[in-house]
Amino acid sequence: MSLAHGIHTIDTAFQRDHFDAAYLIVQDGRGAFVDCGTTHSLPNLLACVAQAGLTPTDIDWLIVTHVHLDHAGGAGALMQQLPNARLVVHPRGAQHMIDPTRLIAGATAVYGEAEIARSYGQIVPVPAERVVVAEDGHRVLLAGRELVCVDTPGHARHHFCVWDAVSRSWFTGDTFGLSYRELDHAGGAFIIPTSSPVQFEPEAMHASIRRLMQESPEGMYLTHYGRVEGTARLAQELHAQIDAMVAIAQRCNGEPQRHPLLVDALGALYVARLRLQGSPLDASEVLRVLAMDIELNAQGLACWLDRDKR
């Protein structure tokens with residue numbers, strides 16, 4: 001799908017439709033991907049290149065917001081198809097792109113071998129000479145169009161967001177939460193934070209959201225899923241929910257059935273927040289759409305609670 005300012009939203013087909021997005025930014029006949037989904041996503045990514053009137057040789061950059069596999073699992077395989085592109089990645093993530101052994105092991109510990117094979121396919125290394133390490137404030141030039149990488153921990157310590165002044169928008173990866181179109185309501189989009197394992201840090205996430213809002217953005221391009229507007233309202237909602245999630249985690253900590261209690265309490269929180277915004281959706285439908293994210297958020301909160309044990 002083509003949007004304004006040369007930005008194309010690509011459904012990577014990870015898990016389900018309209019769940020996981022990558023973006024292709026086109027400027028004066030040159031292209032840059034932001035995130036890329038999994039190895040299984042390559043046909044959709046390359047089809048978008050063709051639909052945009054480009055060839056793989058016209059792609060200069062693959063920018064990954066962070067190295068979680070739903071964002072960057074297909075990077076190595078995609079780079080094999082883009083002979084002129086370089087990969088831009090956070091300093092803490094670069095080595096995982098060059099040698100993904102630990103990345104695969106960490107994801108396998110969370111999801112299991114069978115799920116890794118089914119959902120992500122083969123994880124291919126990226127040659128070190130094609131990797132650009134992006135420190136805070138790093139500027140990527142796409143045919144003169146400046147894309148600025150800003151360090152934004154909270155979801156992961158290897159996370160940055162990308163500011164595009166042309167569209168006055170951020171490409172936020174997971175820092176600015178998750179928002180699915182099935183949960184849109186009369187007041188706009190509904191959004192939730194993502195605390196998925198293993199580096200959730202609530203104070204850092206608060207700070208990162210505040211940093212994003214310093215630019216008074218007109219929109220946010222989320223990996224999960226698509227462009228959202230009304231950013232000031234959504235930022236307030238994220239701040240409120242982060243605090244509520246922390247309170248839930250602290251309340252459930254020490255309970256023998258901590259995980260199911262976290263899952264139930266998070267589901268109740270999201271249903272209640274959506275109700276406050278006037279959504280008519282049944283609770284069962286909300287929980288269906290958010291089931292995977294509730295499970296991962298519960299796991300992420302548990303990792304945060306147990307951080308001193310690691």
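**Entry 1**

I began at V162, whose bridge partner in strand 10 is F171. Strands here are DSSP runs of E with at least two residues, helices are H or I runs of at least four, and both are numbered from the N terminus. This is a predicted model, where local features need pLDDT of at least 70, side-chain atom pairs count only at pLDDT 80 or more, and totals for chains, interfaces and linings use all residues. Residues are numbered from 1 along each chain as its sequence is written, and side-chain values use heavy atoms, with hydrogens and water left out.

I followed the pairing of strand 9 with strand 10 (residues 169-173): it is antiparallel, over three bridges. Two strands pair if DSSP finds at least two bridges between them. The two strands form a hairpin with four residues between them. In that turn I noted R168, which has a positive phi of about 50°.

On to strand 8, which runs antiparallel to strand 9 and is joined to it by five bridges. D151 has F160 in strand 9 as its bridge partner.

Next I looked up the cover of strand 9. Five of its five residues are buried, meaning under 20% relative accessible area; exposed is over 50% and partly exposed lies in between (1.4 Å probe, protein chains only). In a regular strand the side chains alternate between the two faces of the sheet. Here F160, V162 and D164 point one way, C161 and W163 the other, and all are buried.

**Entry 1: H155**

I then went to the loop between strand 8 (145-151) and strand 9 (160-164), where H155 sits. Is H155 buried or exposed? H155 is buried, at 2% relative accessible area.

Which side chains does H155 meet through polar contacts? I found H68 at 3.2 Å and D174 at 3.1 Å. A polar contact is a pair of N or O atoms within 3.5 Å; within protein, one must be able to donate a hydrogen and the other to accept it, and residues adjacent in sequence count only if both atoms are side-chain atoms.

I also listed contacts, meaning heavy atoms within 4.5 Å. Beyond its neighbours within four places in sequence, H155 touches H66, H68, D174, T194, S196, Q199, F200 and M205.

I turned to an open sheet of six strands, in the order 1-2-3-4-5-6, with mixed pairing. Strand 1 (7-11) and strand 6 (131-133) are at the edges with a single partner strand each, so one side of each has no neighbour in the sheet. Neighbouring strands are turned by 25° against each other on average, direction ignored.

At one end I checked strand 5 (residues 86-89), which pairs with strand 6 in the parallel sense over three bridges. V89 stands opposite V133 in strand 6.

Helix 1 (residues 42-51) lies across strand 1, strand 2 (21-27), strand 3 (30-34) and strand 4 (59-63). Its direction is about 150° to strand 1. Axes are lines fitted to C-alpha atoms, for helices over the stretch in contact, with angles from 0 to 180 degrees between N-to-C directions.

**Entry 2: the whole protein**

Last, I took the totals. I counted ten helices and twelve strands. The C-alpha atoms fill a box of roughly 55 × 40 × 30 Å along the principal axes. Of the 310 residues, 56% count as buried. Among contacts between residues at least 6 apart in sequence, 69% join residues at least 24 apart.
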